[in-house]
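Have the sequence and the 3D view at hand while reading.

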Amino acid sequence: MDRTMQTLALVALLLYLAPAALGPRLSDNQRTWLWRAAAGALAVGLAIAVIETIRWFAR
């Protein structure tokens with residue numbers, strides 16, 4: 001699960017930084033969707049982290 005978390009963190013970071021890196025080449029709509037995708041990746045990563053923490057404490 002650790003590798004999955006690292007991958008999700010990297011994807012979220014890249015999606016978050018993409019609008020700034022691509023600058024004026026993106027429309028406002030494309031920029032918004034990239035930020036939404038980044039927020040989704042962060043939410044999934046956070047959910048996995050919470051579930052894994054609960055499993056760890058339940059042992």
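## Length of helix H2

Helices here are DSSP runs of H or I with at least four residues, numbered from the N terminus.

This is a predicted model, in which local features need pLDDT of at least 70 and side-chain atom pairs count only at pLDDT 80 or more, while totals for chains, interfaces and linings use all residues. Residues are numbered from 1 along each chain as its sequence is written, and side-chain values use heavy atoms, with hydrogens and water left out.

## Buried residues

Arg31, Ala38, Ala41, Gly45 and Ile48 of H2 are buried. Buried means under 20% relative accessible area, exposed over 50%, and partly exposed in between, with a 1.4 Å probe and protein chains only. The buried residues of H2 pack against helix H1 (2-22).

## Salt bridges

The whole structure has 2 salt bridges (a side-chain nitrogen of Lys or Arg within 4 Å of a carboxyl oxygen of Asp or Glu). One joins Arg31 to Asp28, with the closest N and O atoms 2.9 Å apart. Both residues lie in H2, 3 residues apart, about one turn of the helix. Arg31 counts as buried because its relative accessibility is 18%, whereas Asp28, at 57%, is exposed.

Glu52 and Arg55 form a salt bridge with closest N and O atoms 3.3 Å apart. Glu52 is partly exposed at 28% relative accessibility, and Arg55 is exposed at 51%.

Terms used
Helices (H or I, at least four residues) and strands (E, at least two) are DSSP runs, numbered from the N terminus. Contact means heavy atoms within 4.5 Å.
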